[in-house]
Amino acid sequence: MRKEDIKPLLKLQEVDEEIERVERRIRSIEEDRSRLEEKLSKLKKELEDLLSRRDELISRRKQIKEEIEAEEEMLAKTEKKMSMVRKDVEYKALLKEKAKHEDNILKKSYELDELNGKIKDIEDKLRETEPKVKRRIKEIEEELEDLEIEKETAVKKLEKLKKERKSYEQNINKEILTFYEEARKRFGSRVVVPAEDGVCGGCGIKIPDVLFSKLIKEENVETCPSCGRYIYYRL
Ligand SMILES: [Zn+2]
């Protein structure tokens, strides 16, 4: 095969390798992005959970305070009634009622103390972690933006390379192009390789001396007897 037929193929091969590199980079950017997005939503959720837990406890505290106030009002009313009743049986009944309100107030006060402790714990934790988490969220968002910009650039480069590839394709003999495309799929790597020191640059197997001499002398392209790649010595 004449080297004139192969030279444009070599160019095409270079472009294909560049295309693969860019495509790999785009895939890896996408992987990085989805990993970071997952991390981001996890961090946001952790913070939101903490904040909503605090809000829940605060609203529960408000409710308890109101309940205590209501019990205190009822207690005051009961005490007032006690000062007015004459009959012993009524007095005893009011005494019972008074004890019930006092008991409720005590129980609710314990609950209030407990709630105050929990709220303090969450607020301490928030004071410590909220700035850190927010900083980390900002960092991740910036990393994501950078990746997006890098991806856009890579996508544009890919489009340009694909156009370039089309223009190279036109200069290549159809049969050679078909062989190249199929071999490329099969090998998953270069199809046109140099043969240096008598060894095929694709499969690494020694080329028969006669063939190698011919490559050197005619500066043409031959096919490697072992793997079938196009081999050349110098183009
Ligand atoms: Zn070979």
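**Exercise 1.** Find how far apart the C-alpha centres of domain 1 and domain 2 lie.

Solution. In this predicted model, local features need pLDDT of at least 70 and side-chain atom pairs count only at pLDDT 80 or more, while totals for chains, interfaces and linings use all residues. Residues are numbered from 1 along each chain as its sequence is written. An automatic or database domain assignment supplies the bounds, giving domain 1 (16-169) and domain 2 (173-235). The two C-alpha centres are 64 Å apart.

**Exercise 2.** Determine whether Leu-40 is buried, partly exposed or exposed, and identify its contacts beyond four places in sequence.

Solution. Leu-40 has 17, so Leu-40 is partly exposed. Finally, taking contact to mean C-beta atoms, placed from the backbone, within 7 Å, Leu-40 touches Ile-137 and Ile-140 once neighbours within four places are set aside. Arg-136, 96 residues from Leu-40 in sequence, lies 8.6 Å from Leu-40, C-alpha to C-alpha.

**Exercise 3.** Check the span of helix 3 (residues 174-187) against its 14 residues.

Solution. The expected span is 1.5 Å times one less than the number of residues. For helix 3 this gives 20 Å, and the end C-alpha atoms are 20 Å apart, so the two agree. After helix 3 comes Gly-188, which has a positive phi near 70°.

Terms used. Helix = DSSP H or I, 4+ residues; strand = E, 2+ residues; numbered from the N terminus. Buried ≥ 20, exposed ≤ 12 C-beta atoms within 10 Å, placed from the backbone. Contact = placed C-beta atoms within 7 Å.
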